[in-house]
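Subject: Structure handover

Hi there,

Here is the structure I promised to pass on to you. Could you have a look when you get a moment?

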Amino acid sequence: MATLAATASGRHHADAPELARKQRSLWGDAVYRLKRNRAVMAALAVVLVVAVLATLAPLIAPYDPIRQDTPNSLMEPFWGNPKFTLAQYPLGSDQLGRDILSRLIWSARISLLIGFVPVTLVFLVGATVGMAAGFYGRWVDNCLMRIVDIIYAFPDLLFLIIIMATLRGTFLGNLLGGLVLMFGAIAVVGWVGMARLVRGQVLSLREKEFVEAARATGATDGRIMFRHLFPNTLAPIIVSVAFGVPGAILAEATLSFLGIGIKPPTPTWGVMINEGFVVFSTTPWPVLLPAFCISLVMLAFTFLGDGLRDALDPRQRTK
Amino acid sequence: MPELLEVRDLHTQFFTRDGIVRAVDGVSFTLAAGETLGIVGESGCGKSVTALSLMRLIPQPPGKITQGEILFDGRDVLKMDDDEVRGIRGNAIAMIFQDPMTSLNPVLTISRQVSEALELHLKMDRNESRKRTIELLELVGIPSAKSRLDDYPHQFSGGMRQRVMIAMALSCNPKLILADEPTTALDVTIQAQILDLLKNLAREFRTAFILITHDLGVVAGMTQRIHVMYGGHIVEKADTNELFANPKHPYTWGLLRSIPRLDQTRREKLRPIEGLPPDLIAPPPGCRFAPRCQYKRDICDEKPPELVAVPNAKADHESRCWGTQTGGWLTTTDWRTDTTVFTKVEA
Amino acid sequence: MVNYTIRRVLLMVPTLFFVALITFSLAHAAPGGPFDKDENKKLPQQIEDNLTRYYGLDEPLPQQFLLYLGKAVQLDFGKSIQRNRSVNEIIAQGLPVTAQLGIQALLLALLIALPLGIVSALKQNSGVDYGSLFLATIGTTIPSFVIAILFIYIFGVWLRLLPFVGWGDGLDFRRMIMPTVILALPGAAFLTRITRASMLEALGQDYVRTARSKGLAEGTVIIRHALKNALIPVATIVGPATAGLITGSFIIETLFSIPGIGRLYIISINARDYPIIMATTLLYAFLIVIANLSVDLVYGALDPRIKVEA
């Protein structure tokens, strides 16, 4: 009996779903996983609401957040106030008679700015330095690693405290109620971590075949760095940035709470807690409400970060 | 002779997010005391899972042995309670794993790891077990064994670590040793030494062993019988000489063609098997090898073949192929001279 | 090992030097002297000049720095500007309180985190696992001052169960509960996560399967084979945990009015009391460097692979 060559028929079964499962791109796969993650979607909703409130603060907030109304100080929020009318302060007032709701909304602005501006600086400086250190090595790398050693010997918060404490009285420290100094301080403390991360990635990628191949085709250093290395370091960078945002928000809140962050009367949640703590044992709401807001925003950003990490780095998934 | 091991219709499945993986799907075989058996197949065909199932070492969840019997010395391993199974592990059945780099505990000394089983199963005290450990290490060819007792695994080379693994497996004079790709992670020259050692020790101790490998070349001189696995099934069973002389499954032919040979002329290229092993969540409805088989006919895609005795062959030679069964279209095909092979399948 | 230790100890010197340099430069970049804090009680010019000379504030900066370093090496950190006492005396008063608080919190954190992390890894997706995940999420995301405020509100103000001001004599158990628990919480949360993850990792390793294949009892497999490996990464976290305790003490001591050096530090910063700020900063840097060093040494003791390389 003669042997027969196989025909193309009959090869279709089971192959199609099989391929669909395996051949999704890293980014497509990440988006798919994010969408399936309910915690991430809820966190995203929270962040979007806060972002809208923050952007529209001047339109939404019922009062000027720093307007004082001393005769009506320490009013209860509407649920604790049987004689509440709409003309009053819906979430009560603090000991200077300022409207808590308006202050909460305006604080969201500061928090989001604190969350995103320094992280952008950290990304720009850290990624550039890390890329250069990893790619060129030698003295750039040596310098970076020495700085890393020193800064890593120090807890971030301690470093922030020293910077804030010493520079608060300067011109820089007074710009926008200390906001500019806070941006700078968080960026100064944070860029080292980013640089270290990118350096490590570049070091491990530098010797890979695709870089050799690019070099062999005559690509310039700049092209290799930005077209070949950078996209491959992007996933861990995104994760690091995602965790940098709640980190910065926490730093500001903590410093302001300790009285060495944003200067009153600029409202931030940390400042509100700091100021309200004096009357806390008798009137808790001026402290509890901003505490709730910080917690909510921190949780939302952390869940987003967790979700992004799980989506972008399947190896780190716990289950 | 009563069989030492009899596996009947073993099914092991893994319950994953994407579906149930039927890693071992109805495997049956027997092994007599002192007999040696090779299980051969590509990675992902279920051979390691079979071995782990025999000792009930399948991680659960996600894995589970859903059906079948494993009769060892006449008793069903699957019906034993946990203590009984532990009494067998390392004692009557021992296992040698693939990667000696990761299979030894990095933070415990060599003597600790070898003597553990001795103290547990043979009730030796520290001194006795230490003495015995030295003997075992000498037996597997570790030079100056005595002075290396308190070394840690990282102080040993890969080949030496695999010798330690073998010493551990031998420590309680098991009746059966399962060796799962014992040489895959090693250098070629070391591979030969380790295989030699295994072969000699098994002969000396009259231990039955099952050698699991993806490389037909490795089992050639090692075992009396060979089972070829594909997609969770055994697709061919035969005596070793018979299998090499008269293979009866296109998958086995594929494996044989992909062994490099010294007498090959330059025009005869190595011919790998095209395609990937089947997805064991949704396996092909007919023969599992059909999607990659160059000899297949319509029936292969439609109905799964059974493992049956093949015509024109020795008595215990069985194959799971429509083509090589009695009346099939491949019964007289000689895989060596066949020229119609390698028609590329277009997707 | 000895060589390695000596090398590591020597490496501490430049780190501490730079910490001193940075703090010193920043402190002196700040505008306004320590004496112009209170506008109403302006000191007479004569006295201020004398004080300035006494503290060496009229020397050029590099000289001031060298002078300071020279004295610091002999553990002489000068006198507090705000309080008329030596820095050493003030720190010596607060340090035992902070040390007790910190050590209590660290022990508590370990006591919570190790069992919880191990059990969650062994019983994945069980109630305990979800509970520990909840604790870990809360402890690592909610700021500790927010948690402290909630605790104070619930247990102090509302239920009136626990006092929340001061520290007492260090034996007042009820007074110490809240500060200790809250200071321990972030570390406990983080350690639980790490312990669970590294235990899971260890349990999935080939050598655990090898151990099982020898017929060892599950308890032996877990304790002898998995746990010892799992604890190696956990040990490295104690360094950052120490840093966390230090920064945590700023918050906790401030909130609970505990007279330790954390509160002293924040007060001194607001009062621009540079001798105290600098001495305390150096002390913190020293503690952290020591913590990191001891982590490395413990690491070497736990992992036999390290010794050969070092």
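This is a predicted model: local features need pLDDT of at least 70, side-chain atom pairs count only at pLDDT 80 or more; totals for chains, interfaces and linings use all residues.

Residues are numbered from 1 along each chain as its sequence is written, chains are lettered from A and ligands numbered from 1 in the order in which they are written, and side-chain values use heavy atoms, with hydrogens and water left out.

**Chains A and C**

The contact (heavy atoms within 4.5 Å) involves 39 residues of chain A and 41 residues of chain C. About 3,500 Å² is buried between these two chains, and carbon and sulfur atoms give 82% of that; buried area here is the accessible area (1.4 Å probe) that two parts lose on being put together, summed over both. The rule finds 1 salt bridge across this interface, where a salt bridge is a side-chain nitrogen of Lys or Arg within 4 Å of a carboxyl oxygen of Asp or Glu. C:Arg193 forms it with A:Asp306, with 3.9 Å between the closest N and O atoms. On the side of chain A that touches chain C, α7 (156–167), α11 (221–257) and α13 (285–312) of chain A each supply at least two residues; helices (H or I, at least four residues) and strands (E, at least two) are DSSP runs, numbered from the N terminus. The largest share, 10 residues, comes from α13(A).

**Two sheets in chain B**

One open sheet has 4 strands in the order β2-β1-β4-β5, with antiparallel pairing; strands pair if DSSP finds at least two bridges between them. Its edge strands are β2 (19–32) and β5 (75–76) of chain B. Strands β1 (residues 3–16) and β4 (residues 63–72) of chain B are joined by 8 bridges, and B:His11 stands opposite B:Gln67 in β4(B).

The other open sheet has 8 strands, ordered β6-β7-β8-β3-β9-β10-β12-β11, and its pairing is mixed. β6 (93–96) and β11 (308–309) of chain B each have a single partner strand, so one side of each is left without a neighbour in the sheet. Strands β3 (residues 36–40) and β8 (residues 208–213) of chain B pair in the parallel sense over 5 bridges, and B:Val40 has B:Thr213 as its bridge partner in β8(B).
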